[in-house]
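Please look over the structure below. The report that follows takes up a helix, a pocket and the model's confidence.

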Amino acid sequence: MWTQQALDRAIAEWLVGAHPVPERAWAEWTTQGVALLPLGQRFAAVRMPSVVVHAAVSSSERDEVAVALGRLLGGSIIYDRRVSGGTYYALIQPHAGLVWAYAEVATCIGTGTYLGVPRLDRQQPPGTYWVIPPRYEGDLCAPRDIVDLIKAGRSRCEEQAEPSPRQQPMYVRAPRAV
């Protein structure tokens, strides 16, 4: 039977195994709490703007967003506040970065890119943290679920941007001078 500590160690080893020099990733986690890990070997990531994610789940409250993303995506998700407006990163299978067919919906980043991956115990602000930490080695999101989430969020954003008929300005045509 696994203890939580042993499971966390196995997950951490799986994550740092993405780095060509795992000791460097361990050192970055120790000193900075976040390690730059290369994408494309163990996992890739889909970049999701926070405004779209919040629209999709109808909340910007951190705990509500975490519950909704856990239910809708099921896999590991990182939040980075340092990027303009905040960005969520859903981890997916590494080959998805090579065959991602949804570029118009969301950007998939893979081989040739590094992602700031927090230590497993960083599960709240400040800085980069896990919204949904991995529960086991290879705990990744399904691309189809991510696409559905982003499409729903964009649709809600568009609905909110369109003024309702009551908000439409009333124009009255001035009488013409004869």
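H1 has 13 residues and runs 18 Å from its first C-alpha to its last, close to the 18 Å expected at 1.5 Å a residue. That expected span is 1.5 Å times one less than the number of residues. Helices (H or I, at least four residues) and strands (E, at least two) are DSSP runs, numbered from the N terminus.

This is a predicted model: local features need pLDDT of at least 70, side-chain atom pairs count only at pLDDT 80 or more, and totals for chains, interfaces and linings use all residues. Residues are numbered from 1 along each chain as its sequence is written, and side-chain values use heavy atoms, without hydrogens and water.

The largest pocket holds about 150 Å³ of space. Its lining includes Asp-8, Ala-12, Trp-26 and Arg-119. Helix H1 (4-16) and helix H2 (22-32) are the elements that give two or more residues to this lining. A pocket is an open set of points on a 1 Å grid over the protein atoms alone, where a 1.4 Å probe fits, with protein on both sides within 12 Å along at least five of seven lines; lining residues have an atom within 4 Å of a point.

Confidence is given as pLDDT, from 0 to 100.

| Element | Mean pLDDT |
|---|---|
| Helix H5 (residues 96-99), lowest | 80 |
| E7, highest | 98 |

Key. Grid points are joined across faces, edges and corners, and a volume is the space filled by probe spheres set on the points. pLDDT is the predictor's confidence in each residue, from 0 to 100.
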